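Dear colleague,

Please find the structure below, together with its sequence. My notes on its side-chain contacts and helix packing follow.

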Amino acid sequence: MKAIVQDRYGPPETLQLADVDTPVPAADEVLVRVEAAALNAYDWHIMRGEPRMARLAMGGSRPRARIRGRDFAGRVEAVGADVRQVRPGDAVFGDLGDANGAFAEYVCVPANLVAPTPANLTPQQAAALPLAGVTALMGLCDVGQVQPGHRVLVNGASGGVGTLAVQLAKALGATVTGVCSTRNVDLVRALGADHIVDYTRDDFTHDARRHDVVFDLVGNRSLTALRQALTPTGTLVLSGGGVYHGRSLVGPVWLLARGRLLAPFVRQRIVTLTAAPSRQHLESLRAHAEAGRLTPIVDRTYPLHEVPDAIRYLEGEHARAKVVISV
C-alpha cells in the first residue's frame with residue numbers, strides 16, 4: 001500500500017510517499033480502508049520533533065511511528081477474531097492516538113477506538129472530527145463542565161478545535177465569545193459565537209467581560225493575562241498547540257507546565273488538557289453531528305501524495321478550521 005513515511009525529524013520535505021506492507025489486524029483490531037485523514041498540530045510537532053525536550057516521548061532520535069497521521073475515516077475491510085461490534089463494510093471514523101499511521105491507504109486500529117461515521121457527514125468531514133472534537137468535548141464538558149447560561153471564551157476560535165468548540169459551547173447553552181483574526185470574523189460568527197474579539201485590534205484579556213470558562217487553544221498569552229479574563233471561580237483550560245516559529249526547546253510546554261504548578265495555589269481552576277481517543281467520545285461526537293449541532297469545517301483538501309504541502313500550509317498559521325487528506 002501507499003503511505004506517507006518519515007525516518008528522521010525535520011521539515012515537510014522529510015515526508016515521503018512510499019510502498020509499505022499492508023497491516024494485518026490483530027485479534028482485537030479492524031483493518032480500515034482509509035478514505036480521508038485529517039491534519040492536526042500534533043502532526044507537525046511529531047514531524048519536526050518539536051519541542052525538542054519532548055523527543056524522548058516521541059521516540060528518541062527518530063519518530064517512534066514511521067507513518068504520520070492519526071485522524072481517519074473509511075470503511076472496514078477486515079476484522080480480528082475477537083471483534084464483534086464492527087463488521088466489514090461498515091463506515092467508521094477514529095483516532096489512532098500516538099500509534100499514528102492514518103496517512104496511508106490502510107490502517108489497523110483497535111476496535112474500541114472506532115465508531116460509526118455520522119450519517120450526514122462526508123468522509124472528509126468525519127475525518128476532521130476525532131482529535132479536534134474530542135479535545136473540544138473534554139475541554140468544555142469533562143473539564144469545563146459548561147452549563148446553560150455560562151460564559152465561555154474560545155481563544156483560537158477559527159482553528160480545528162476552535163470551530164468545533166464554538167459550536168459545542170452554543171449547543172450546551174453557553175454565551176460564547178470567539179477570539180480570531182479579522183479574516184475569520186464572519187466564519188466564527190456563522191458558527192454561532194455571540195461575541196467576537198478580533199485579536200488584531202483588541203486584547204480579550206483587557207476586556208471588561210469575565211468568563212466562566214476560558215478555553216485557550218493558542219498559548220499566546222501569559223497565565224496572568226488569561227486568568228484576568230476569568231470570573232473569580234472560573235476555569236482555565238489550556239490546550240495550546242501553537243504554530244511553527246523555528247526550533248524550540250520547550251514551545252507551548254512552558255505555559256502548560258506553569259499552569260500545573262500554579263493550579264493548587266489559586267481559587268480559579270487551571271487544567272492542562274490532554275485529549276485521548278475513546279469510543280465513548282466518538283459516539284458523543286456522532287450524536288452531536290447527526291443532530292446538526294456540530295459540523296466540521298474543512299478549509300482545504302489535499303491528495304495523499306501532497307501531505308508535505310498540506311502540513312506546510314497548516315504549520316504556517318494560514319489554515320482555518322481543518323485541513324484534510326483524501327486517500
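Which hand does the crossing of α4 and α5 have? The crossing of α4 and α5 is right-handed, a crossing being left-handed if the near helix is turned anticlockwise from the far one by less than a right angle, and right-handed if clockwise.

Before the details, a word on the basis. This is a predicted model, in which local features need pLDDT of at least 70 and side-chain atom pairs count only at pLDDT 80 or more, while totals for chains, interfaces and linings use all residues. Residues are numbered from 1 along each chain as its sequence is written, and side-chain values use heavy atoms, with hydrogens and water left out.

Helix packing

Helix α4 (residues 130-143) packs against helix α5 (residues 160-171) at an angle of about 45°, and their axes are 8 Å apart. That angle makes α4 oblique to α5 (under 35 degrees counts as roughly parallel, over 145 as roughly antiparallel, 65 to 115 as roughly perpendicular and the rest as oblique). Axes are lines fitted to C-alpha atoms, for helices over the stretch in contact, and angles run from 0 to 180 degrees between N-to-C directions. Helices (H or I, at least four residues) and strands (E, at least two) are DSSP runs, numbered from the N terminus.

Salt bridges

The structure holds 15 salt bridges, each a side-chain nitrogen of Lys or Arg within 4 Å of a carboxyl oxygen of Asp or Glu. One of them joins K2 and D19, at 3.0 Å from N to O. This pair links distant parts of the chain, with K2 in strand β1 (residues 2-5) and D19 in strand β2 (residues 16-19), 17 residues apart. K2 is partly exposed at 35% relative accessibility, whereas D19 is exposed at 59% (buried means under 20% relative accessible area, exposed over 50%, partly exposed in between, with a 1.4 Å probe and protein chains only).

R151 and D212 form another salt bridge, their closest N and O atoms being 3.7 Å apart. Here strand β8 (residues 151-155) supplies R151 and strand β11 (residues 211-216) supplies D212, 61 residues apart. In the bridge between D198 and R201, the closest N and O atoms lie 3.6 Å apart; D198 is buried at 7%, but R201 is exposed at 65%. A network of salt bridges links R279, E283, R286 and E290.

Charges over rings

The charged end of R300 sits over the ring of Y313, 3.9 Å from its centre, and that of R70 sits over the ring of Y42 at 4.5 Å. The criterion is NZ of Lys or CZ of Arg within 6 Å of the ring centre and within 35 degrees of the ring normal.

Yours sincerely
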